[in-house]
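Hi,

Here is the structure I promised to pass on. Have a look at it first, and then read my notes below.

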Amino acid sequence: MASFNPLRIGNKLKRQQQHQKVKKQKENTKRDDRFQRRRHEDKNPELREARRAKNVPATIDSKRTWDEANADEEAEGKLGLSVDVLHTKRRKVEEEEKQVPDEINPEDHVGDVEDDEEPAAVSGTEAGGDGDGDGEEDELDSMLGSDDSDDDAEADAQAKQDPPDRAPSEAPSAAASAATATTDLNLTPDALIARFPALFTPSADIDPKVLVTTALNSTLHWEAQLLTSLFPGSAYIRRTAHFRSYKYSVREICHYATNQSYTHVVILNEERKKPKGLDIVHLPAGPMFHFSISNWVEGARLPGHGNPTNHYPELILNGFRTPLGLLAAHLFKSLFPPRPEIQGRQVVTLHNQRDYIFFRRHRYVFRDKRGTEKSIQGTDGKLMKGVEEIRAGLQELGPRFTLKLRRVDKGIQFRSGQEWVWEAGAEKVRTRFSL
């Protein structure tokens, strides 16, 4: 008997019905196998862990390749070198912590302290605190009974450090801007810090002040005005388009901005009346970063969008691992005040993936988990302890867009020289990334 082939059915309707029947039968078989596997894994959780460890998808990110470099080249922090700086620096720090002098044995000094002697002062971490701010709180508590003259001097000093007055919605916080574990800015190579001292060691007392402008004869006035809502302390100044007026160059604009105490100049470029590029100048003398923009979507066009407030947002930098990536991460960090206002519940995320930087701005809220929702799982696939009945709701504020770094100039504009330039031929190796 000849085998039945549904593709040879002459009637089109009969052929479609047979195709739907076979498709439904396959789906039912897969569903039954999935339910049966779940019952077995509920009885033996080891089977689920073994299956997840075996069925790891092979993506381009997991196949990422790194450049082979010696210790001297990694210490120099070359921008064109694709090395995992954070992993190398973290490994060196762990090795230094494990090293113990041979001539000192802690066990020999256990009974050296006599009973009559008073114990030494206990630090914040030894007393059970986290070591971040316990010592400072103790010092403030000990000064409650000080003289009035000391209080006045302290108040004067505090007044000088306070930020300038803003709208009534200000909600200050002493917490620093957030950064994910994949981008630890404290492990930046020393050679990179020495090459860009103004970018890596900004003044903590001065909040960033950004001047936003556009290219000559630009029509993106509304888009440039939206950028002022992203960067706190920013102002938009139009570049004149009159044919008889003087056309100020970027160098002249940066010189003017430096005299007006601006810290950055952001220039929005356009192509066919759409945002196409973003140039960021770190004042007073650079460096200058050139980004290309794609997938620009205003907040008003996002479904279920919210309206932003003037609170200082929290900053999340994710996926910056190479020397060039850390340089770009420090640039974005310098654009936002280091004192996020937690009450505003606004967060700005810069996620780097395959050298594309995805820019998103959200407002978050913590709510109770509904019965139909699953609990939060970690990267290992296991449930996170302590947040089983909590979920985070997100509302995107916009705008959203994607950046790609094209060039890093030493000073202002191209003729100042380049620290790094994007090369199209480098993308032929799909598993090598610069950021």
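What follows is a short tour of the core, the aromatic rings and the charged pairs.

A word on the basis: this is a predicted model, so I kept to the rule that local features need pLDDT of at least 70 and side-chain atom pairs count only at pLDDT 80 or more, while totals for chains, interfaces and linings use all residues. Residues are numbered from 1 along each chain as its sequence is written, and side-chain values use heavy atoms, with hydrogens and water left out.

Let's start inside. A nonpolar core here means buried Ala, Val, Leu, Ile, Met, Phe, Trp, Tyr and Cys residues joined through side-chain atoms within 4.5 Å. Buried is under 20% relative accessible area, exposed is over 50%, and partly exposed is in between (1.4 Å probe, protein chains only). The largest core has 48 residues, and Leu227, Leu278, Phe291 and Phe332 have the most contacts inside it. Helix α11 (residues 323-334) gives the largest share of this core, seven residues. Helices (H or I, at least four residues) and strands (E, at least two) are DSSP runs, numbered from the N terminus. A second, separate core has 12 residues, including Val250 and Tyr262.

Now the rings. There are seven aromatic pairs in the structure; rings of Phe, Tyr and Trp (its six-membered ring) pair if their centres lie within 6.5 Å, with planes under 30 degrees apart called stacked, over 60 edge-to-face and the rest tilted. Phe231 and Phe336 make a tilted pair, 5.7 Å centre to centre with 55° between the planes. These two sit 105 residues apart, in the loop between α9 and β2 and in the loop between α11 and β7. Elsewhere, Phe289, Phe291 and Phe332 form one aromatic cluster.

Finally, the charges. I count 11 salt bridges in a search of the whole structure, each being a side-chain nitrogen of Lys or Arg within 4 Å of a carboxyl oxygen of Asp or Glu. One of them joins Arg339 and Asp207 at 2.7 Å, N to O, and that pair spans 132 residues. Asp207 counts as buried, at 16% relative accessibility. Another joins Glu419 and Arg195 at 3.8 Å, linking strand β11 to helix α7, 224 residues apart. Glu419 is partly exposed at 25%, and Arg195 is partly exposed too, at 33%.

Happy browsing!
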